[in-house]
Every structure is written in C-alpha cells, then in structure tokens.
Amino acid sequence: MYRRNISNILYPIAGVLGLFILYEAVVKPAYIQTPLPSTPTDQESAAERKEPAPDQAYEPRPDQPTAPDQKQLRLIDAAGVPDTTHHAALEAVRDEIEKGNLKIAETQLIGLPASLQADARSRSYVAILWNNLGIEQEKLEGTKGSLKSFKKAASLDPKNPRIQMNLAHAYWEQRDAAMNRDFLERLILMAPQEPFPHVALADWLQERGRLAEAARHLDQAAERAASDPSLQSYLRTVTSKVRGTDRMESRLTSHDGAHFTVKFDGEADHDTWTVVLDILEDAYREIGQKFGHFPSRPVVVVLHPNATFQTNTGSPAWADGLFDPVLGRIHLPTQGALTDRSWLRRVLRHEFVHAFLHDLQGINHNSLPTWLNEGLAMKLSSDHWPDVEQLRRHDPSVIPLTALEGSWADLSGEAASMAYLEAESATRFLINRYGMHEVQQLLARLKKKQSLAAAIQAQLSLSYDQFQSRWMAQLHEARTKGS
C-alpha cells in the first residue's frame, strides 16, 4: 500500500515524539522485555527469548481473509507388496522409504525393470511407492523436491485420486502450467467431494478475467467444505469479493501489455495506459533481474477515478495505491496522473513490488510481515520520501516491529506515518547490515512457513528481539551523529 504525502502530519508530531528518543534507545521500554514463546528452530533457551507485546493502540487486524491450510498430502498404505517375481525389489524400496533413505529409494525405483510395468498390480504399487517417496521428500525439501515423484506416480496410475490430489497441490504451490483447466476438470470428476480442485480452478479462471465462472466454482468449493467452518467462511468471503470485483470491472476498458493488463473507467485513453505500461514494464525487468524471478502470471492494474478509489477498494483514507493480494490486482487513482509523472512512477513501482513479492512468496505470501513488505516496496522501488527523511532526523519513539506485522488498514494517518518510517528504516538496516542475499534467504525461509522469529534466528544468528535492539541502537547513533 502506498500512503499519501504526509509531511503536514509529520512535522507537528516530530517534535513531541523526539522527546522520547533517549528513553527508547537507552532505557529499554517494558514492552520490549516480554519473554518470547519458544520455537523448535530457535537455538536460544526459552529463558533468554523475548518478544515485544504490541501496544494496543497499534494492534494489527487483518483486512484480507487468510485461507486455512487445506493441504492434506495422502500417504497410501504400502503394506501389500504384490506377490510377483519383483516382490523382493519392491519390498526393498518400500523399506528404504520407511527408513528415510530417500536417495537410495529413488535410485532403486529408477532402476526397476521396465517389464515390471506390464503387470497392472505391480505398476499400481510402484505408483504408490513414488507417491509415498514424494511425501517424504516434501517434508525435507518442500514441493520443489516432491513434484517429480508425484508426476511419476500420476503417470503410472492416472486414475488414483489420492495421487492426483497430491500432484495437484504440488502444481498449485509451484505455479506449474500443467495445472490447467483440463487437468482440474478431470480431478473434479475423480474427486467430486473435494473442495480444493474447485478452489484451484477458480484461481485459474480469475487469472484470466473470468470472474463470474470463478465465483461459481468458489460456491461449489464452499458446499464441499461443510465440515471445515473456517475454510467455508474464507471461501464465502472470497466469493463475495470476486463477485463485487466482477460487477465493478464489467464497465471498465481493458488493455493488455506483455506482462500487465490495465483496466480503467471511461473511454480508451491511449496516453494513460501507454505511460502506465511503460513504467510497469521497466519495473518488471529491473526488479525481476535483481531477484532472478519474474511474476508467473500477468498482473492486473485497475485505474480508478479519484472520487471512487477509496469506495471501490476499501482502502484507508491515507492510501494513494493498493495491492489486493486476494485477486492479485494493483489499484490506484489516476486523476492528474499524467501531470505528475514522478508521483505516478513512485506509486506504480511501489505497488508492483507488492505484486512481485506476492508472486515470489506464492501461497505463503501471508507469512511476509507488513513492515518488511512495505520496507522492501520502498527500497526496491527506489522510492525516496523527503518527508520521511525529515522525520528520521528527529528520531521519534519506536513502535515494536511485532505490532507492525499485520494489517495497517486501521491505522490512523499519524500511526501510518510512523509505520512507514519504521518499515523503511528497519528494512534499510537489514539490507545494509546483512546484505540483500541474506534478505532473499530470509524470504525463502518465510515461504517455507517458518515464523519470522525463527527465520531471523536461523538466517541471521540472532533473535528477533536482538535484531530490533540493534536497529534501534543504529537509529540512536544516526541521530547522535546528525545532531
């Protein structure tokens, strides 16, 4: 999200907040000394861990629905080894998988004679072994390590719904192009009571702008999720959002570029969408090259009249742009955009970074804390805010980063100003102290569902609390040198 110019807010509050800096940097506040809950990956003892307890004035509340984890990999009982001439070889593979000797098991599976597949029972059993190997590989390496095994299992037994569901989840996480409409419709017929194929097909449809069809499949998924109230509630919320977006976008003009689709209200405006696409394509190349990653799908950009921007998007009054992670759309108001190209460039690049990170983190994008998400958007978009620079000189009181991990939608304008300042400052400190490579590895850990505290501990060899303390000390040092 990109906030409006906030200099009129920052200067009056900077003087008052500056009075607290000595207390913040030297006498550590009580809310930075509350013990952290222990996590299995942390190397410190539980007694040494600390976690900031969020100030109630800045308690984050989610503004986007978070999907419950509906992934359930299906292990298949491999006890009944077929009584054939290959019984011993198959039994040996099964035992190696159960012992966790996955490399040996994979080598043995690859080495099985082709003649074994002539027997239907043996072929089905080999598919089970590949499936179970994939599940064990995923525990160690994630979906990237299991996809090949699931593909092999599915090719050997294309009518086994458990195997096909495992493959579908792997395709989903890897954004594999093989998860197309034909594949998903076959899976729906094969597993008619499963909600996931309908969710995946709805996602495929909405990526292609077919929102009404996507909503119908979300409805069907919700019907099949009756035993999971949290999933059902999520699906109903997303369905409502999809239908609302469909109604709003049905009146928009659309133009497709190489990697973006721009939609706007009114008659076709060649100048506007040409400028917007040029800015976005530059950002696509520049930021993609830095990470060695490019979004796996076209990014939709919706341009709104200023008068309807907040109503259409539900964004806070202080926002000048918004990225919607549910439908993967960038939204921004455009009145006067062509008369202020520097503003347009800043906002578009900022929101594109959000879209980029959303794609980079995949289905686990919600694990990225808001302060890091916004800080990277400012850093990677080369977005330099003079008003933030002015405020930094006053070194105001610090909100705990843990209180800035969730949604900022309900923050007041003043609180949002502080949040952006801290996001930019903490992220800049993270990059300058540890390097962009370490940041990328930190993102990779978050993508694997590690908590932020565990990821920082494992990647940077210090606790989340220690990171905050060092960052705050750097703030105080910069303030002292600058005075």
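**Helix pair H7/H8**

The axes of H7 (residues 161-174) and H8 (residues 181-190) come within 10 Å and cross at roughly 145 degrees. Axes here are lines fitted to C-alpha atoms, for helices over the stretch in contact, with angles from 0 to 180 degrees between N-to-C directions. Helices (H or I, at least four residues) and strands (E, at least two) are DSSP runs, numbered from the N terminus.

I then listed who meets whom: Pro161, Gln164, Met165, Leu167, Ala168 and Tyr171 from H7 meet Phe183, Leu187 and Met190 from H8, contact meaning heavy atoms within 4.5 Å. These contact residues divide into eight nonpolar, one polar and no charged.

**Ground rules**

This is a predicted model, and local features need pLDDT of at least 70, side-chain atom pairs pLDDT 80 or more, while totals for chains, interfaces and linings use all residues. Residues are numbered from 1 along each chain as its sequence is written, and side-chain values use heavy atoms, with hydrogens and water left out.

**Overall**

I noted 20 helices and six strands in the protein. Buried residues make up 51% of its 483 residues; buried means under 20% relative accessible area, exposed over 50%, partly exposed in between (1.4 Å probe, protein chains only). Among contacts between residues at least 6 apart in sequence, 67% join residues at least 24 apart.

**Cores**

Which residues touch the most other members of the largest nonpolar core? I get Val301, Leu332, Phe352, Trp371, Leu372 and Leu443, out of 69 residues. H17 gives the most to this core, with eleven residues. Apart from it lies another core, of 57 residues, and Ala105, Val126, Tyr171 and Ala225 are among them. A nonpolar core is a set of buried Ala, Val, Leu, Ile, Met, Phe, Trp, Tyr and Cys residues joined through side-chain atoms within 4.5 Å.

I clicked on Phe352 next. Leaving aside neighbours within four places in sequence, Phe352 contacts Phe260, Leu280, Ala283, Tyr284, Ile287, Pro295 and Ile330.

Why do I call H15 (residues 370-380) largely enclosed by the rest of the structure? Because ten of its eleven residues are buried. The buried ones are Thr370, Trp371, Leu372, Asn373, Glu374, Gly375, Leu376, Ala377, Met378 and Leu380. Just after H15, Ser382 takes a positive phi of about 55 degrees.

Over in H17 (residues 413-434) I looked at Ser425. Its relative accessibility is 2%, so Ser425 counts as buried. Leaving aside neighbours within four places in sequence, Ser425 is in contact with Trp471 and Leu475.

**Positive phi in two loops**

Lys449 has phi near 75 degrees, positive in a residue other than glycine. Lys449 sits in the loop between H18 (436-447) and H19 (452-460), and is partly exposed at 49% relative accessible area.

Ser461 is not a glycine either, and its phi is a positive value of about 60 degrees. Ser461 is in the loop between H19 and H20 (464-482) and is exposed at 60%.

**Salt bridges**

How many salt bridges are there? I count 22, taking a salt bridge as a side-chain nitrogen of Lys or Arg within 4 Å of a carboxyl oxygen of Asp or Glu.

- Asp95 and Arg94 pair at 3.1 Å, N to O; Asp95 is partly exposed at 27%, whereas Arg94 is buried at 14%.
- Glu213 pairs with Arg210, closest N and O atoms 2.9 Å apart, and Arg210 is partly exposed at 33%.
- Glu286 pairs with Lys290 at 3.7 Å between the closest N and O atoms. Both lie in H12 (residues 270-291), four residues apart, about one turn of the helix. Glu286 is partly exposed at 29%, and so is Lys290, at 46%.
- Arg175, Asp203, Glu207, Arg208 and Arg297 are linked in a network of salt bridges.

Key:
Ala, Val, Leu, Ile, Met, Phe, Trp, Tyr, Cys and Pro count as nonpolar, Asp, Glu, Lys and Arg as charged, and the others, Gly among them, as polar.
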